[in-house]
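Subject: Structure handover

Hello,

The structure is below, followed by notes on what was found in it. Please look it over when you have time.

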Amino acid sequence: MANSNLTNAKRAKNDEFYTQYSDIQKEIEAYLEYNPDVFRDKVVYCNCDDPFESNFFRYFVLNFNKLGLKQLITTSYKPSPIANTQLGLFGDDKTLTKSKGRPKVTANKFIINEVHDIDGDGEFNLKDVAKQLRANKHNEWTPLEKDGDFRSQECVKLLEQSDIVVTNPPFSLFREYVKQLVEYNKQFLIIGNLNAITYKEVFPLLKENKVWLGNNYKVNGGAMFYEIPEGIANLDQVREIKINETGKKVFITRVQGVRWFTNLDHGRLHQPLPLMTELEIIKFVTKKPFDKYDNYDAIEVSLVKNIPSNYKGMMGVPVSFLDKYSPGQFEILGTSDNGLVDDKFKKTLGLTKKFVEDYYKAGGTGAYKEGNPTAGYYENNVAKMAYKRIFIKHKII
Ligand SMILES: C[S@@+](CC[C@H](N)C(=O)[O-])C[C@H]1O[C@@H](n2cnc3c(N)ncnc32)[C@H](O)[C@@H]1O
């Protein structure tokens, strides 16, 4: 019990990582490059975003006119430990009464219909937005009735009114979050973990090309750097302390394996991977034929760059393949995780008892799941199990 409380606490903390402005900007620019009108006349909804903290809110409000947005809706989540505690946007706003001890928190709804330089300093910035929100009838800042949970009735109503959802949702609720977006048929650009690719609820969407990975501007090979509010920063997580674009001190943490997930079209999706033939790879790179799995009707390709250009059958590739995936070039057939591949690609015998014994004898430590194993094969008589694999095949050769 104590343990699960700890895990929950850790999870809740990990849900409070804030995306950096520059990462949002770089990713969105890739969609604009492909289609400059992608956000034109659209209602964008950021439904996990405390406007006092969120760079999503900041990005969309500051670029409202440039993107041609029709409306920006943002809702914050009341139980967030930082809700309404960082008054960066509104300064010392007396309307946000702080009670003694814990600050009084409410979930808020912001609806922006119009932005411009209203203080006449020749520049449009967040101070203008703050002024406009107070004074301007065209924009709205009101408390939500409930806690701002993305599944609550009032947030679902706002979701229904929106066209594109853009946010970094809580990592711990990613499955439910994606399910809701698909159910409501929304366009979206959201952040998630690479591990989510093989979730039962997510993988079928990737396979059917209803969701794909974003352009993924990446720093440090797929890790993303996040801001964590000072009050809740766990020092073990902190990599750097810096002053961000708003002049606020922030703690920076690094999270491995983070990706953008989207159903918005972008240029990289239409660029096929340049590849060598099977013979060229064997001759110049691996110096040996491709291994075949014992339990799946596919070859093992441990590096994406070694996918043979002329192999007609099924190939097992690392999940990071999706960073390079072009739907015109490949078809996704399944994954070794969660048994999400058609039975016709599974070899009936599966991995033999002897294979499993040999695997552990050879020092293998991966978990073997009876009836639903990871892809396994012998390489020079040593039993090996590949890490999570995605099964693909070429569309046209
Ligand atoms: C990973 S943080 C990202 C925050 C923000 N989107 C960003 O990247 O700057 C996830 C946010 O979702 C909020 N949240 C957690 N559970 C939620 C829920 N059930 N509904 C809506 N928001 C939630 C958290 O309080 C937190 O602010």
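An open sheet of eight strands runs in the order β5-β4-β3-β2-β6-β7-β12-β8, and its pairing is mixed. Strands here are DSSP runs of E with at least two residues, helices are runs of H or I with at least four, and both are numbered from the N terminus. Two strands pair if DSSP finds at least two bridges between them. β5 (140-143) and β8 (212-213) are at the edges with a single partner strand each, so one side of each has no neighbour in the sheet. β5 is joined to strand β4 (residues 108-112) by four bridges, and the two run antiparallel. Asn108 has Pro143 in β5 as its bridge partner.

This is a predicted model: local features need pLDDT of at least 70, side-chain atom pairs count only at pLDDT 80 or more, and totals for chains, interfaces and linings use all residues. Residues are numbered from 1 along each chain as its sequence is written.

Another open sheet has four strands in the order β13-β14-β18-β15, with mixed pairing. Its edges are β13 (298-300) and β15 (330-335); each has a single partner strand, so one side of each is left without a neighbour in the sheet. β15 pairs with strand β18 (residues 389-394) in the antiparallel sense over five bridges. Gly334 is opposite Phe391 in β18.

For the chain overall, there are ten helices and 18 strands. Of its 397 residues, 36% count as buried (20 or more other C-beta atoms within 10 Å of a residue's own, with C-beta atoms placed from the backbone).

Regards

Terms used. A residue is buried if 20 or more other C-beta atoms lie within 10 Å of its own, exposed if 12 or fewer, and partly exposed in between; C-beta atoms are placed from the backbone.
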